[in-house]
Structure formats: structure tokens, C-alpha cells
Amino acid sequence: MKVLVTGGAGFIGSHIVDELIECGHHVVVLDNLSVGKKGNLTRDVRIIKQDIRADLHSLFSREKFDIVIHQAGQVSVPNSLRDPITDLQVNLTGLLNLLEAARKHQVRKVIFASTAAVYGMPIELPIKESHPLKPVSPYGLTKKTSEEYLRMYHDLYGIDFTILRYANVYGPRQSSNGESGVVSIFTDLFSRGESPIIYGDGSTTRDFVFVKDIARANVLALQAGDGEIFNVSTGISTSLNELYNLFNNLLSGQGAPIYVDSRLGDINHSVLSNSHIMDKVGWVPKTSLTDGIRETLDWKLQLAIM
Ligand SMILES: NC(=O)c1ccc[n+]([C@@H]2O[C@H](COP(=O)([O-])OP(=O)(O)OC[C@H]3O[C@@H](n4cnc5c(N)ncnc54)[C@H](O)[C@@H]3O)[C@@H](O)[C@H]2O)c1
């Protein structure tokens with residue numbers, strides 16, 4: 001199949017590109033390289049350097065994509081609180097621009113990167129796809145609205161979709177700026193021999209899913225799950241203290257974590273049920289947290305000596 005991966009030079013997108021090429025698909029990447037890097041693309045793949053909000057018609061008319069995997073976006077909750085207008089423009093205007101090109105150029109299906117942030121504060125755990133959607137950030141709201149646009153474009157114009165709501169994704173190529181996931185921040189600090197900071201008492205839990213498992217879910221969705229919404233998660237809660245211990249076992253000799261006050265608005269516990277995607281698509285998370293962290297640390301340490 002001919003597949004366009006938007007945001008394909010980013011953390012998750014670049015792993016999707018690897019998996020697609022591995023499975024023999026023809027891949028084109030569209031990315032403005034604001035965050036993504038050409039260096040993330042280890043395979044020989046064509047990159048269109050373009051903003052998702054710019055005119056897409058000539059590209060779509062020329063390339064005749066079968067499927068679009070849409071990963072490009074404003075991905076940070078804190079940034080969306082600081083600058084909700086940019087969040088809206090990139091995430092919603094960008095999606096609409098893409099959907100307009102998709103419908104005019106006979107794209108069969110759009111696979112969309114959504115998030116656990118659409119749920120807001122969980123009222124029951126594990127969170128199932130039927131849980132109420134009450135996002136507590138502009139980022140969560142633009143993702144929730146994106147899901148509604150996808151459903152509407154399906155009903156109006158027949159474009160298929162699969163929505164994948166990712167839990168906390170981690171793995172090689174994730175940037176470790178101050179606002180990224182806790183695993184990438186721990187990876188950075190541990191690889192430099194520094195003590196990590198933990199907000200709260202360390203009992204906060206998250207559902208950490210390895211990026212290659214996320215990539216596999218996207219590739220399976222090329223041929224399954226039309227019109228469906230799936231959590232993509234491990235279904236396992238891990239506390240920040242447990243996470244610290246896992247890192248410490250793999251790379252011992254670190255200082256104890258530094259505990260500071262928890263941040264306002266942080267969700268205490270989040271774990272997503274993955275039974276729907278296992279039943280319907282046959283996807284299972286294959287990478288244990290220990291193996292995933294080991295691979296991420298190896299990547300980081302390798303980068304440091306290059
Ligand atoms: N990382 C996670 O834990 C997580 C969790 C849930 C959902 N998601 C979603 O997964 C997707 C991928 O996230 P990621 O973690 O790989 O982030 P990332 O920042 O590494 O990747 C996003 C990519 O989009 C590109 N991009 C940003 N704005 C663009 C624009 N206006 N036009 C074209 N390209 C643009 C960036 O250069 C980057 O390569 C996002 O949609 C994000 O919301 C991520």
C-alpha cells in the first residue's frame with residue numbers, strides 16, 4: 001500500500017515508518033521538521049518538508065495515497081495550556097486540511113494518533129474506550145474534537161478511520177526536553193548519572209507502552225479496525241517509584257530520587273484497558289517495561305558515544 005505518514009520524522013512516526021517499510025509498504029513522510037529529525041529516519045524514505053496546514057492538494061493528487069497515518073501535531077499538554085491557539089491551529093486546522101485533501105483525492109482511510117488525555121480525570125480504572133470524554137487541557141480537547149471530525153468525515157464522505165488512543169509512549173528517539181514523558185527524562189538523567197526528580201511521593205501511576213508496540217498497532221490498523229476507536233496500552237499500572245527501581249536495577253549507582261511537591265492538575269492514576277484492540281485487531285503489547293527501558297537506555301548511551 002502507499003502510505004503517507006504525517007509527523008513521520010518524529011518519535012512515534014519514525015518507528016511507524018520503520019515498521020511499514022519492514023512490511024513492504026511504500027512510504028512517504030510529511031513533516032515540517034519543527035521537532036522531528038531526518039536522522040530519525042534510518043531507512044531510505046522520501047521526506048516532504050511541509051507544514052500540515054499548507055496546501056496538500058498537489059501532493060495528494062500526484063501521489064495517490066491509499067492510507068494516511070496522521071501523527072503530526074502539537075503534542076504537549078503544557079504547551080497547549082500556554083498557547084491554546086497554536087494547539088488548535090496545528091491540531092484541528094491541520095487535521096481538517098488533511099481530511100479535505102483526503103476526501104478530494106480518494107484516500108481510503110486515515111489512522112489517527114489520539115491520546116488518553118481525551119478522558120480527563122478517570123472516574124474508573126482501567127479506562128475503557130466507553131469512559132466519558134472530559135478533557136482537562138486544550139490538547140485533550142483538540143484531540144477529542146479531531147476524533148469527532150474523523151467520524152463526521154466518514155459519515156459525510158465515506159473516508160474510513162481508526163482512532164488509536166495511546167497511553168504513555170516511551171522508547172528510543174523520544175526527546176527529553178523538560179516536558180516529555182517521564183521515561184525519557186529518567187533515561188536522560190540516569191545516563192548522565194544524575195538523580196531524577198519525582199513529583200509527589202512516587203505513588204502516581206501510569207501505563208507505559210513501548211513505541212515499537214505502538215508502531216505495530218498502526219500497521220495492523222491498515223487492514224483492521226475500520227470505524228473503531230482503540231486504547232493502545234499495556235493495561236499495567238506502574239508507579240514512579242517502581243519505574244525508578246527498574247532504572248536503578250538496570251543502571252545502578254544512582255542517587256535516591258528527589259521528591260518535590262506534585263504539580264497542580266496532574267492525574268494521580270492512569271491505566272487504559274486494552275481488551276478491545278486485542279479482541280478486534282489481535283494486537284498485544286510484546287515488550288515488557290524492563291526490556292523497553294533497557295533498549296531505550298542502550299540507544300541513549302550509544303548516542304552519547306557517537
Ligand atoms: N508520546 C506520547 O506519549 C503520545 C501519547 C499520546 C498521543 N501521542 C500523539 O502521537 C503523535 C506523535 O507524537 P510524538 O510523541 O511522536 O511527538 P513528536 O513531536 O516526536 O512528533 C510529532 C511530529 O510532528 C511534526 N510536526 C509538528 N507540527 C507539525 C506541523 N504543523 N506540520 C507538519 N509536521 C509537524 C514534528 O516535527 C514531529 O516530527 C502526536 O499526534 C501525539 O499527540 C503521543
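**Notebook: contacts, cores and helix packing**

I began with Q89 and, setting aside neighbours within four places in sequence, found this residue in contact with R53 and G94; contact means heavy atoms within 4.5 Å. I worked on a predicted model, in which local features need pLDDT of at least 70, side-chain atom pairs count only at pLDDT 80 or more, and totals for chains, interfaces and linings use all residues. Residues are numbered from 1 along each chain as its sequence is written, and side-chain values use heavy atoms, with hydrogens and water left out.

**Entry 1**

I located Q89 in helix 4 (residues 84-104); helices (H or I, at least four residues) and strands (E, at least two) are DSSP runs, numbered from the N terminus. I noted that Q89 is partly exposed, with a relative accessible area of 33%. Buried means under 20% relative accessible area, exposed over 50%, and partly exposed in between (1.4 Å probe, protein chains only). From C-alpha to C-alpha, Q89 and G73 are 9.5 Å apart in space and 16 residues apart in sequence.

I then looked up T296, which is placed in helix 10 (residues 289-305). T296 is buried, at a relative accessible area of 2%. Leaving aside neighbours within four places in sequence, I found T296 in contact with Y170, G171, P172, T187 and F210.

**Entry 2: Helix 6**

I recorded helix 6 (residues 182-191) as mostly covered, with seven of its ten residues buried. The buried residues are V183, S184, F186, T187, D188, L189 and F190. I found that they pack against several elements, including strand 7 (168-170), helix 8 (240-250) and helix 10. Just after helix 6, G193 has a positive phi of about 75 degrees.

**Entry 3: Nonpolar cores**

I looked up the largest nonpolar core, which has 39 residues; L20, I69 and Y166 have the most contacts inside it. Such a core is a set of buried Ala, Val, Leu, Ile, Met, Phe, Trp, Tyr and Cys residues joined through side-chain atoms within 4.5 Å. Another core, of 24 residues, lies apart from it and has L59, F60, L98 and Y153 among its members. Leaving aside neighbours within four places in sequence, I listed the contacts of Y166, among them I12, I16, I214, N218 and L272.
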